[in-house]
Amino acid sequence: MREEKKKEEAPLLVTKVEGKGIPWDPTQLRRVQEHPCFSKKAAHLFGRMHLAVAPKCNIQCNYCLRKYDCVNESRPGVTSKVLTPQEALERIKEVFEQVHYIKVVAVAGPGEPLYNEETFETFRLVKEEFPHIIRCMSTNGLLLPDRIEELEELGLGNVTITLNAIDPNIGKNIYSFVNYQGKRYRGREAAEILLRNQLKGIEEAVKRKIVVKVNTVLIPTVNDKHIIDIAKKIGEMGVYLQNIIPLIPQYKFAHITPPTPHEKKEMQEKCSKYVKEMTHCRQCRADAIGRLGRDIQHCYL
Ligand code: SF4
Ligand code: SF4
């Protein structure tokens, strides 16, 4: 369990990892206090920039229509233009010349960042040119344990993992397949592999002082009764923040009625006993630039 002293200004001072209290250091606090997704206060002051360098995905979520950006972290129904790592770097230079409040550079799609080598090349280029900018990524978590060392070397500061179930019997209803190490898995086996890697990935990221957020898609009749269990688990693991995202009914879940804003709020309140809840999410695009809800990427097309 973490000890939370104050809400926003001094978020969490100690995180327990494998039973030991690990104190937060100033760089971790900066990665919360200057990150618009991790701090509501920062969202008014600072912006983030997404680099759409990662088109391929290695799993199939039953709520995702793959012709659009990954809906685990991006606004549904939007298709971002894919950039090469070099183009992404040029885009950053261009934006930084004109906009001075961007504190975070992130890869969030349009597919799964860790399944595209371009993500690593992009972070390499960003680290060389802009070593102080916060580097952030969102992932389905399947490859996180396999790539965490490289991510640490590249100075990844913050990561978001989409975790929709901690019970493979529920997970098997959310994922059609998982492609891992050259083989396609389905059903419970697929959900088990994904879950094992997501939990291991979270554990490894927390151990390395990467600040972790978990996104959880609230899917009525599928995982809605299970979300509190997820919150308890991730709270115990030292995850900093949970973002509960209401289902957008599409693909295999097109028939499911999405949760109302009230139902989502109720769920956030219940979960906030176990983990801090994000309440200012704007579901950004995989190519978003600017402050949350005040995007300016259309200026750079
Ligand atoms: S991880 Fe993202 S891109 Fe891949 S299937 Fe799921 S929502 Fe779609
Ligand atoms: S939307 Fe997700 S990936 Fe993008 S900057 Fe925020 S936390 Fe990072």
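Predicted model: local features only at pLDDT ≥ 70, side-chain atom pairs only at ≥ 80, totals over all residues.
User: How does the shell around ligand 1 split by class?
Analyst: The shell around ligand 1 has six nonpolar, four polar and two charged residues. Here Ala, Val, Leu, Ile, Met, Phe, Trp, Tyr, Cys and Pro count as nonpolar, Asp, Glu, Lys and Arg as charged, and the others, Gly among them, as polar. A residue is in the shell if its C-beta atom, placed from the backbone, lies within 6 Å of the ligand.

User: Ok, which residues surround ligand 1?
Analyst: Among them are Cys-57, Cys-61, Cys-64 and Cys-70, plus Arg-66 and Glu-112.

User: And how many surround ligand 2?
Analyst: Ligand 2 has 14 residues around it, and the closest are Cys-37, Arg-48, Ala-106, Cys-136 and Ser-138. Strand 6 gives the most, with three residues. Strands (E, at least two residues) and helices (H or I, at least four) are DSSP runs, numbered from the N terminus.

User: Switching topic: in what order do the strands of the open sheet come?
Analyst: The order is 4-8-9, with antiparallel pairing. Strand 4 and strand 9 are the edges, each pairing on one side only. Two strands pair if DSSP finds at least two bridges between them.

User: Who faces whom?
Analyst: Ile-59 has Val-178 in strand 8 as its bridge partner, and Val-178 also stands opposite Tyr-185 in strand 9.

User: What lies across those strands?
Analyst: Helix 7 does, at about 60° to strand 8. Axes are lines fitted to C-alpha atoms, for helices over the stretch in contact, and angles run from 0 to 180 degrees between N-to-C directions. Contact means C-beta atoms, placed from the backbone, within 7 Å.

User: How many residues are in the largest nonpolar core?
Analyst: It has 78 residues, and helix 7 gives the most, with eight. Such a core is a set of buried Ala, Val, Leu, Ile, Met, Phe, Trp, Tyr and Cys residues joined through C-beta atoms within 7 Å. Buried means 20 or more other C-beta atoms within 10 Å of a residue's own.

User: What does Val-212 touch?
Analyst: Its contacts include Val-159, Ile-202 and Val-239, not counting residues up to four places away in sequence.

Terms used:
Residues numbered from 1 in each chain as written. Chains lettered and ligands numbered in written order. Buried ≥ 20, exposed ≤ 12 C-beta atoms within 10 Å, placed from the backbone. Contact = placed C-beta atoms within 7 Å.
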